[in-house]
Amino acid sequence: MKTLIQGLVAVALVNGGAAFAQDATRGEKLFNECAACHSPDRAAKDTVGPSLHGVVGRKAGEGTEFRYSPAMKRSGITWSSDTLNSFISDPQKLVPGNRMPYSGLPEAKDRADLIAYLQATMK
Amino acid sequence: MVTKLKEVDAVIVGLGWTGGILAKELTQAGLKVVALERGVNRSTAEDYAVPGVRDELRFVHRHDLMQNTSRDTLTVRNNIKQEALPMRRLGSFLPGDGVGGSGVHWSGHTWRWTDNEFKIRSLYEERHGKNYIPDDMTIQDWGITYAELEPYYDKFEYTAAVSGKAGNIKGVIQPGGNVFEAPRAREYALPALKTILASQMFNDTAKNMGYHPFPRPSANASQAYTNPDGSKFGACQYCGFCQRFGCEANAKGSAHITVIPIAMASPNFELRTNAWVTKILKDPASKRVTGVLYTNLLNGEEYEQPASMVLLTAYAINNVHLMLLSGIGEPYDPVSQKGVIGKNYCYQTGVGANLFFDGRNFNPFMSAGGSNHTIDDFNANWGFDRGPHGYVGGFTIGAGFNTSLPIGNRPVPSGTPQWGTAWKAAQAKSYQTSMNIGASGSVMANRYNYFDLDPTYKNAFGQPLMRMTFDYKPNEHKMGVLAAKLVNDIAAAMNPLSFNRATSRESWTVVPYQSTHNTGGTIMGVNPKVSALNRYLQNWDYHNLFVVGANVFPHNGSYNPTGPVGALAYWTADAIKNRYMKNPGPLVQA
């Protein structure tokens, strides 16, 4: 995982609407915000929250055995860097009634790096 | 018929914070450990997740995480002249049940008790003379010092993600922290929690009055955190459902997300749930305990689990009960003052005032378990002279919200009708516009406050219930009067529209809820005549029996007990690993 992420440092993504370079290594550190409940690993199981391995491209409320909230299943969202960015900035705003106990990551740069890391874990 | 199982190195009775710490430390040291837990296993994902955890009916009224009084309870009385009656429903205190123990539903307040407690008799005699301490007050020095315990406090705080602001690092006073705390080696594991409005207002007023307010240290992670063992915490979401609830965000320092999973991952460890220990087995000739007897609650089968070492790590009261049921040590008798098991049971006391404002919105539904601010000017501050007031002990004063239940919390000004339109109007206004100031006070040991076995009532296993005899004594009244006055002075200085005045507690009753901080019964000390355990929490009579929990405290302080409970668990683990395993026998010569 380490070498993989280092290879992706400072890759500017075309989508996501961010005008600055994303830093997946920094994103890995930021993933500490999520790690008490989510795993990023390929062989990961759901814990308190669903596994986030391969989340980009997944339909919200699908893709793992996790017992998603009705709000998440109904949302109709497909996770992209755009939708993830919007969700992580204020989870209850994008998907009201979802059951993730997290108030959001306020800094756009933090979110972009975190999403870059999530994408890197899929490679 | 009792099935005899294969012997293990250590059997742990009760898997909460203390059992979890010992399980982790001893399995890592290579011992084969079996933990027997009377409750079930629960996890954050299955049992404490949103939305199921936000359930006042289930967790507050039906006591879902607490011990089941239909199986075993206590009988209770205020003095030895009364007939004790069984507590049929939990009230004054709420012992937890299940893997993680009370460390699942606690608030997280984590204090470092100081030499004010550990050397209590010496300090008061030195300052006030031998006659200052009443004859019936059976306080004694603990046999340990703050300096000895400091590294273990540190270890527990960093394990449990304690958030706070240091007030004294290696003797250097730190602005913003508790200036009266004993010196610590380094800062808290995490920065202090956010300050909520009620805490800020209390803080400002207390400061203006010349006191030294600070944010309460609490095992609620103020930010995402990975502890030294690699256990991961989420950030506290200030959800307002802390005390009596498991944490939905894995932000509360709890054994079920830290030490217990580490032990569980070890091939040296085995957990058996629904396993109710009824007796410690002993061999008086060899001065060793040989294991425990337990019942599988699912089918009633009885087992003997032989072990080279028995570690009692259940809830404080249950540890004492098991000692009495097993006939280990001499039961304490308050008349002759002989015996040690059951001696020095202590509770806590407190006073509180509700303040009612206009134009303030406290949002009491948003708080952490420990988002209170506190003053220690009348507790850890040994500079405060108790002499003119004539009592022994201390109290902290604090304000803020902790689990201000959306349904259960209904403060109204004194004189409001108890039902009807006026009550509805008052509580609708007061919910958002009122706050509380409270004092939490110590209780000194008294010869007539103690545990023994009830002569009449039995539990589901046919064993005598534990009998608790307790009431507040003149020492606590004197302190309560001062605490109430100071709370009322601060309340008045905050200039509310009105406030319900704090008053000193008179007699103790088993309802309503007050605090789960029960201490004593198998106390530690330096003399086997007046203590059950030595300074390593090793039983004086049976050297392979260790008893860990607040039941070892010779008296109760103002602070919540979990700080020293956790520190002493690590302290005992080190004594077992580094000394006892190399040379099994008494670690202190009687």
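B:Pro51 sits in the loop between α2 (44–47) and α3 (56–61) of chain B. Helices (H or I, at least four residues) and strands (E, at least two) are DSSP runs, numbered from the N terminus. The peptide bond from B:Val50 to B:Pro51 is cis, with omega near 5°. A cis peptide bond also joins B:Val511 and B:Pro512, with omega about -10°. B:Pro512 belongs to the loop between β22 (498–500) and β23 (519–521) of chain B.

The model is predicted: local features need pLDDT of at least 70, side-chain atom pairs count only at pLDDT 80 or more, and totals for chains, interfaces and linings use all residues. Residues are numbered from 1 along each chain as its sequence is written, while chains are lettered from A and ligands numbered from 1 in the order in which they are written.

Two residues other than glycine have positive phi values: B:Gln337, near 60°, and B:Thr403, near 55°. B:Gln337 lies in the loop between α10 (316–325) and β15 (343–346) of chain B. B:Thr403 is placed in the loop between β18 (395–399) and α11 (420–433) of chain B. Are these residues buried or exposed? A residue is buried if 20 or more other C-beta atoms lie within 10 Å of its own, exposed if 12 or fewer, and partly exposed in between; C-beta atoms are placed from the backbone. B:Gln337 has 13 such atoms, so it is partly exposed. B:Thr403 has 22, so it is buried.

Chain B also holds an open sheet of six strands, in the order β8-β17-β18-β19-β16-β22, with antiparallel pairing. Two strands pair if DSSP finds at least two bridges between them. The edge strands are β8 (214–215) and β22 of chain B, and each pairs on one side only. β17 (residues 373–375) of chain B pairs with β18(B) in the antiparallel sense over three bridges. B:His373 stands opposite B:Ala399 in β18(B). Helix α12 (residues 474–493) of chain B packs on the sheet, touching β16 (349–356), β18, β19 (434–441) and β22 of chain B. The direction of α12 makes about 20° with that of β16(B). Axes are lines fitted to C-alpha atoms, for helices over the stretch in contact, and angles run from 0 to 180 degrees between N-to-C directions.

The domain assignment of chain B gives domain 1 (1–160 + 254–346 + 443–467 + 517–590) and domain 2 (183–244 + 349–441 + 471–507). Such bounds come from an automatic or database domain assignment. The C-alpha centres of the two domains of chain B lie 28 Å apart. The contact takes 38 residues from domain 1 of chain B and 40 residues from domain 2 of chain B. Two residues are in contact if their C-beta atoms, placed from the backbone, lie within 7 Å. On the side of domain 1 of chain B that touches domain 2 of chain B, α7(B) gives the most, with five residues.

The largest nonpolar core has 190 residues, of which B:Ile12, B:Ala23 and B:Val487 touch the most other members. A nonpolar core is a set of buried Ala, Val, Leu, Ile, Met, Phe, Trp, Tyr and Cys residues joined through C-beta atoms within 7 Å. Helix α13 (residues 562–580) of chain B gives the most to this core, with nine residues. Domain 1 and domain 2 of chain B both give residues to the core, so it lies between them. Leaving aside neighbours within four places in sequence, B:Val487 is in contact with B:Val351, B:Ala353, B:Ile397, B:Ile437, B:Ala439 and B:Ala502.
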